[in-house]
Amino acid sequence: MIITIDGKRVEVEEGKTILQVARENGIEIPALCNYIDGNPIGSCGLCVVSIKNGGREYHARACATKVAEGMEIETHTQEVEDARRTILKMLAEEHGEIGGEAKELFLKYGIKIKSDKKREAPNLLNNPFISFNPNACVSCFRCVQACSLIKENHVLVRENRGSNIGIVAGINEALKDAGCAFCGACVDACPTGALMDLTAKEEETKKITSICPYCGVGCAIDYYVSGDEIIYAKGSPNGVNKGDDCIKGRYGWQFVHSEERLKKPLIKKNGKFEEVTWDEALNYVASRLKEIKEKYGADSIAGLSSAKCTNEENYLFQKFMRIVVGTNNVDHCARLCHASTVVGLFKVFGSGAMTNSLEDLEKDAELYFVIGSNTTHAHPVIGTMIKRSVKGRGAKLIVADPRDIELAEYSDIHLRHRPGTDVALINGMMNVIISHGLEDREFIENRTEGYEKLKEIVKKYTPEYVEKITGVPKEDIIKAAVLYAAHRSAIIYAMGITQHTSGTANVASLANLALLTGNVGKRGTGVNPLRGQNNVQGAGDMGALPNVLPSYAKLGTRRAREIEKIWGGKIPDKEGLTIVEMMHAASKGVIKAMYIMGENPAVSDPDQKHVIQALKNLEFLVVQDLFMSETAQLADVILPAASSLEKEGTFTNTERRVQLLHRVLEPVGDAKPDWWIIQEIAKRMGAEWNYESPKDIFEEIRKVVPQYRGITYERIEKMGLQWPCPSMEHPGTKILHEDTFPTPNGLAKFSPYEYKPPAEEPDEEYPFVLTTGRTYEHFHTGTLTRKIDGFNELIPEAFVEIHPEDAEKLGVEEGDCIEVESRRGKIRVKAKIARIKKGVVFIPFHFAESAANVLTIDALDPEAKIPELKVAAVRLKKC
Amino acid sequence: MLLLKDARNVEDYLAQGGFKALRKALEFEQDEIIKEVETSGLWGRGGAAFPTGLKMKFVRKERKTPKYIVANADEGEPGTFKDRVLMERNPYQILEGMIISAYAIGAKKGFFYIRYEYRDIAKDIERKIEELRRLGILGPNIYGSKFSFDIELVLGAGAYVCGEETALMESIEGKRGFPRIKPPYPAQYGLWGKPTLINNVETLANIPVVMRMGGANYSRLGKKGCSGPKLFSVSGFVKEPGVYEANLGEKTIGEIIELAGGVEGKFKGIMLGGGAAGFILNEEYLDMPLCFKDAKERGLFLGTGDIIVFNESVELWDILLNIAKFFEHESCGQCFPCRYGTKRMREIIEKIVCGEGRKEDIEKLNATARAMKIASLCPLGTSAMLAYESAMNNFREELMGVIQ
Ligand SMILES: Cc1cc2nc3c(=O)[nH]c(=O)nc-3n(C[C@H](O)[C@H](O)[C@H](O)COP(=O)(O)O)c2cc1C
Ligand code: SF4
Ligand code: SF4
Ligand code: SF4
Ligand code: FES
């Protein structure tokens, strides 16, 4: 359509606002309150323009008015400029401390900000991360819009009326009490500098974009650096997160500047750690490992690689263990989180990764089936995406979780099943789908095998039967099944599914459900495991596993021989030990030495007492870490490592996207990147390695791992690529299994399981079911987040969530101390009365001093060897 | 009288031919009803004077469902009490109009939003709604037809701005009554984002009249293009304040004042259209016919049809100060121009009333008024200066007399 703007006739697209059109034509209209184009707030009134159309003359807001055929728009008439000046003058008389981008507007109009009026600060000021200056706030409400529309948090609201209008959190509470997520969206939205990151200072900064050191979403974060200090950080618009972030991405970098960082290599001499040079430490480690290998054989040594380290480092670590040490005893913490994903999905689909991408899930999923994932806490950016899809475009949501997680509030159905009964629940849903004829026959016919067996097995899982096992009313099971089958549905799950003795069965059952309804290989569908640590996917891809090599190549096969050629060394054929097996072997004296890179098994692993005893039993323990972790304290040598913000390399996020890290800071003290340390030890043990940079290592990875072949540092400089990416021309793969499955015959294989109860069920002696997990604020064993004051202020200590009726029976009230005891140990924690299923309690596992894993059981899934961290029988007592 | 009847009970109303229009309407096609309303030339009586038939057509045309209808009985304009009198004396005619309109646009649910201060009437309306349900005139299958419709009564939030249609909808949705930015208009994006028809209760009471006599006949009531009966609240210095009915264009302002018994004391001026968002006029306007068009030609609006009469005892700056205080108090604060403009207007006028007004103050007042007029978000802000501006036009000498 044609319109005239400031005398210029221009062709414009329908649906655009006058403000957008003006901007495209180089005309600048002051627009203080406009934040999201097309979603006007309309508070400032500065963007008002004069319009003539069809004989009518009027004024309208450029941000809120769409262009229409024949409009004649004048953006800077005397009249509107006068009005703008008047409005700005009134503002200047009311708010004396306006800063930020708004200040420029005043400069431009030559208006002095001169008020000395003081306004009362709302209670939201009271928090550890965000500062608020009421005398700068002009109540434009951009922050309120960001909090509600972008983040669906609805914490900030407008309060009062007339010239007293302002913002408050909730009912004028402290941010934390109002449910603030500390995502900082409000800070980013604020044009006046009223809301700021507490650490932000008026200093020249340079921006460096890298990848968040925390969860598997793999958000790109812009770090603003001055000298050798990060001043503040926020989600980068150029990442999978498209500008989003969460408390960990935004404020979690603060650990890098912690006083407690390890800065020098340490050797324990006479029971005390002493600072030594790198040379001394490395020589010592190499000679001790050689010695032990010669004395007891290579299989007496085990290594733990890390899902927090880069692909390059994981690759090098497992290569080191396999051809320098000569053992397959290498594993990493994914064993504890997603080993069952890899095994379960492999079985059904022939590939163990997330099938779809954040982008298509956000745009095209009509229904999300979230099971065993407290998404808004553990993978917050994805949690927000789900909330936005539900609220913004009416996507449906089924939540299956024994706890009243935040997403449950947004759900159409909340299935509160008993922990450990997932297979029964999913089989029940499949039973309903088949009995109502809702299965996708064409898909089953053309793309799968084994359907008859599935039918056979799920037959007995009628809603009535499943209700008895799971405690979920049968009507809800039916409703959930029908909703799932009737929509373009995406399954999203996390550790609530995998950390069970039935972990593999759980995962395979979800995959079966997706196959049954044809919800695989299409946009907005699939089976989508959310990876815990930022590089769980990559650590697996790199073969930091005892039974497979990089690219999941099996030991002893032709592929293994090919890799040997590239490596120039012999790879043992015998499978190595998994984490839990290593600990058992260590306590029996079979494993003599361990090399642990960036992991904290003394807190993260089940049955903690036993783990510590096993580590103490070692002849030699090397720990490479950022901090003196609980595990490091038991070591003979500690090697100070650089954090991911201090090095280069790649991470592979939960959606298989290989992303490049950029060095934001130089390593503190003498800390070194893990790849450098591994190489130096390897060299001292006789390896002729010569990698000059992570890029050198990556070039080798490209040769070894076919899925990564087409990826280069240059190609992923700005935005990562999703594997498989087999060639330089390949654009990467957003959705797996679109036409065929990576199985020998190209078909997916239904792999039904019977329900088996968890290893330990509640009984008279231990009547409660304990389940463990994360909080939003902390991460993993707290090695990073608990070094940050603000995070500790928000959640200072462990707690146990308990149903009000259970609490009443025990005579405990909120905040009382409770002793939680299992067959393996006991801990004391504070009670938190919560909406959780009766008979179930929840404890987060970040806190070493009251470690939930003192209680957990190390019963293993028979296929994936993942321990059952999600179910243990406990008893409770008021202390 | 077509509006100001005395039909407080359903028997009386039925006896006077009540609900005949509804029964007739139910035999019409929906679009035919809208056509009749369009032909009638009925314009909204809530202040904005928008063609009622056209608004119905906009809602009817929307594909989204469900659709809603809202009766606006928030009547917060100072000096306006016509809706109150109408609801007391002829409530069923409003409800009948609402049911017919609902049928015409395809709404199944309606809300009757009534001012908090009118809670006594609200109770009565609620009883009447229940009564109509029992009679089968509301609820499922009205008069045995396929059309089902029900009304929920909502008590207002006690703020003037909640009478503004979008703020009113926010309020019904249970949120704070902040006006929404327009467009989108309620016809496209109303209650819960669904197409919604909102009308003043007096407008609704005209619908049965249109249906009974037919659009063409109705259009001949009054003047061409300015038709139908209208209620006028006449107050201030008159001998018999009250609500008077006359067809639009039939009577002049002076004649209506005569109907109300004439001026008490010596005439000075009037305020037309509302005690806040109205115009302060001098005796030159006494001959103006009360008609939307005549008003528009002179740059005025009839607004809600208020006429407040001033005699010589009245100080204009005092009145302007009261009005400014009213707007400052009622500004929701959402947008800058009104939030600070109303405050600033009050501050300056206060200074003037104290005898400290200067020339610069008048300039500042004028600049503020202009900024508010073109840049406020909702009509509260854009009309807050009408009284001041019109007073300046018509009583300039007197007003400037106190300025140094
Ligand atoms: C501040 C403000 C207050 C209003 N109050 C009322 C009111 O009390 N009653 C009313 O019918 N319309 C009121 N309106 C007008 C409504 O927004 C709307 O135009 C009217 O309900 C439409 O009905 P009509 O087309 O039948 O006139 C108000 C408008 C504004 C800006
Ligand atoms: S804090 Fe900033 S964004 Fe929020 S209302 Fe105030 S000025 Fe606007
Ligand atoms: S969602 Fe995960 S990757 Fe993104 S900012 Fe938060 S912790 Fe970091
Ligand atoms: S004009 Fe006044 S009442 Fe209307 S939105 Fe703005 S501040 Fe609120
Ligand atoms: S930018 Fe349009 S009203 Fe503020």
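**Helix packing, ligand shells and the chain interface**

In the predicted model, Glu36(B), Val37(B) and Ser40(B) of helix α3(B) meet Ile207(B), Val210(B) and Met211(B) of helix α9(B). By class, this contact between α3(B) and α9(B) comprises 4 nonpolar residues, 1 polar residue and 1 charged residue. Helix α3 of chain B spans residues 30–40 and helix α9 of chain B spans residues 201–213; the two pack at an angle of about 100°, and their axes are 10 Å apart. Because angles of 65 to 115 degrees count as roughly perpendicular, α3(B) is roughly perpendicular to α9(B).

Ligand 1 is surrounded by 22 residues. The closest of these are Gly44(B), Gly46(B), Gly163(B), Asn200(B) and Thr203(B). Two elements of chain B, β4 (196–200) and α16 (379–383), each supply at least two residues of the shell around ligand 1. The largest share of that shell comes from β4(B), with 3 residues. In terms of residue class, the shell around ligand 1 holds 8 nonpolar, 9 polar and 5 charged residues. Residues of the shell are given by both domain 1 (10–219) and domain 3 (316–400) of chain B, so ligand 1 lies between these domains.

Ligand 3 has a shell of 14 residues, of which the closest are Cys212(A), Cys215(A), Cys219(A), Cys246(A) and Gly249(A). The elements giving two or more residues to this shell are α6 (247–251) and α13 (380–393) of chain A. The shell around ligand 3 divides into 8 nonpolar, 4 polar and 2 charged residues. Domain 2 (100–257) of chain A gives residues to the shell around ligand 3, as does domain 4 (339–529) of chain A, so ligand 3 lies between the two domains.

The two chains also touch. At this interface, 23 residues of chain B are in contact with 23 residues of chain A. On the side of chain B that touches chain A, helices α13 (316–330), α14 (336–353) and α15 (359–375) of chain B each supply at least two residues. Of the elements on that side, α14(B) gives the most, with 7 residues. The residues on the side of chain B that touches chain A divide into 11 nonpolar, 7 polar and 5 charged.

Conventions: Residues numbered from 1 in each chain as written. Chains lettered and ligands numbered in written order. Predicted model: local features only at pLDDT ≥ 70, side-chain atom pairs only at ≥ 80, totals over all residues. Near = placed C-beta within 6 Å. Helix = DSSP H or I, 4+ residues; strand = E, 2+ residues; numbered from the N terminus. Nonpolar A, V, L, I, M, F, W, Y, C, P; charged D, E, K, R; others polar. Domains from an automatic or database assignment. Contact = placed C-beta atoms within 7 Å. Axes fitted to C-alpha atoms, helices over the stretch in contact; angles between N-to-C directions. Parallel < 35°, antiparallel > 145°, perpendicular 65-115°, else oblique.
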